[in-house]
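Subject: Structure handover

Hi,

Here is the model I promised to pass on to you. Please have a look at it first, and then read my notes below.

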Amino acid sequence: MPSQLRGRFITFEGGEGTGKSTQAAILADRLRAFGIGVRTTREPGGSPGAEIIRHVLLSGAAKPLGVHAEAILFAAAREDHVRHTIEPALKKGLWVICDRFADSTRVYQGALGNVDGRVIKRLERIAVGSLKPDLTIVLDLPVEAGLARAAQRNAAARRDRFEEEAIDFHRKLREAYRDIAEQEPDRCVVIDAGKDIGIVADAIWAVVNARLRPAEAPLVIEDVAP
Ligand code: T5A
């Protein structure tokens, strides 16, 4: 397949409840309206194998194994996800929109979990090879506002292991994301996620248009296969 048909890879990152899933869905709809085939996906998970690992991680079952084991499990899930979902979709010319990706491991397991940066880098290399997002949207929100949103949504559900971390953890997490965005401005754009959903979506759309020019992308028929 000619390489110019390769789709674009967009990732959403940020703390809990910043609106990643909400905005990923809105962006997918807007791209589809342009005739662009879109594959939405998420991490941890996004492929059958990775979804099994997601359950192990988010249930807290892996916590007693320690931060290194958790980092390895996130990497294992990502490798399966890249191989079985992301790369095949990009090769078909689809645009892939992923709710969390490798930056989440850099932040949660690296900056906050204190796994050595060299270990994080090696795991990332194994999991993703040379794949790199064309654009990473970092949704930035004061911690209290983000947790309030997630709590509201999860009122009836059990909080997952990572949402139970202390508020200070989430504050550091926000800083770690801002640091990544500052270090990689060509790839990352920080968006103020504190505004209304529609306003945030418009800000994201402006960035996607400016950086990836969807209006110039070839039309690609989206298939129904996962
Ligand atoms: N993790 C993940 C790691 O530690 N390492 C890794 O490598 C990876 C990949 C994933 C957990 O795993 C950790 C990080 C996470 O702790 P998850 O269940 O996938 O867990 O949780 P999150 O990714 O954090 O997703 P959330 O669902 O909590 O947050 P989102 O997707 O950012 O938020 P969203 O869109 O679901 O919105 C939350 C609520 O806010 C409302 C929505 O309607 C919803 O109710 N909302 C707004 N309200 C007002 N104004 C707006 N602008 C709003 N936008 C959304």
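I started with the charged pairs: the structure holds 19 salt bridges, a salt bridge being a side-chain nitrogen of Lys or Arg within 4 Å of a carboxyl oxygen of Asp or Glu. Before the details, note that this is a predicted model, in which local features need pLDDT of at least 70 and side-chain atom pairs count only at pLDDT 80 or more, while totals for chains, interfaces and linings use all residues. Residues are numbered from 1 along each chain as its sequence is written, and side-chain values use heavy atoms, with hydrogens and water left out.

One of the salt bridges joins the side chains of Arg30 and Asp202, with N to O at 2.7 Å. Arg30 lies in helix H1 and Asp202 in helix H8 (residues 197-212), so this pair ties together parts that are 172 residues apart in sequence. (Helices are DSSP runs of H or I with at least four residues, strands are runs of E with at least two, and both are numbered from the N terminus.) Both partners are partly exposed, Arg30 at 27% relative accessible area and Asp202 at 44%. Here buried means under 20% relative accessible area, exposed over 50%, and partly exposed in between, with a 1.4 Å probe and protein chains only.

Arg187 and Asp103 form another salt bridge, their closest N and O atoms being 2.8 Å apart. This pair links distant parts of the chain, 84 residues apart: Arg187 is in the loop between H7 and strand S5 (188-192), and Asp103 is in helix H4. Arg187 counts as buried at 5% relative accessibility, and Asp103 counts as buried at 4%.

In a further salt bridge, Asp140 meets Arg174, with 2.9 Å between the closest N and O atoms. Asp140 belongs to strand S4 and Arg174 to helix H7, so parts that are 34 residues apart in sequence are tied together. Asp140 is buried at 11% relative accessible area, whereas Arg174 is partly exposed at 22%. Salt bridges that share partners also join Asp103, Arg106, Glu124, Glu184 and Arg187 into one network.

Now to the ligand. Of the 27 residues around it, Ser21, Thr22, Arg100, Thr105 and Arg153 come nearest; a residue is near if one of its heavy atoms lies within 4 Å. An oxygen atom of the ligand is 3.0 Å from an N or O atom in the side chain of Glu16. For the side chain of Ser21 the corresponding distance is 2.6 Å, and for that of Arg100 it is 2.6 Å.

Which element gives the largest share of the shell around the ligand? That is H4, with 4 residues. Because 9 of the 11 residues of H4 are buried, this helix is largely enclosed by the rest of the structure. Its buried residues, including Asp103 and Thr105, pack against strand S1 (9-14), H3, helix H5 (117-128), strand S4 (135-140) and helix H7 (167-183), where contact means heavy atoms within 4.5 Å. After H4 comes Asn114, whose phi is positive, near 65 degrees.

Finally, take a look at Asp80 in helix H3 (residues 67-91). Asp80 is buried yet has no salt bridge, and the nearest side chain of opposite charge, Arg83, is 4.3 Å away. The side chain of Asp80 does reach the backbone nitrogen of Gly49 at 3.5 Å.

Happy browsing!

Notes:
Lys, Arg positive; Asp, Glu negative; His and termini not counted. Polar contact = N/O pair within 3.5 Å; in protein donor to acceptor, adjacent residues only side chain to side chain.
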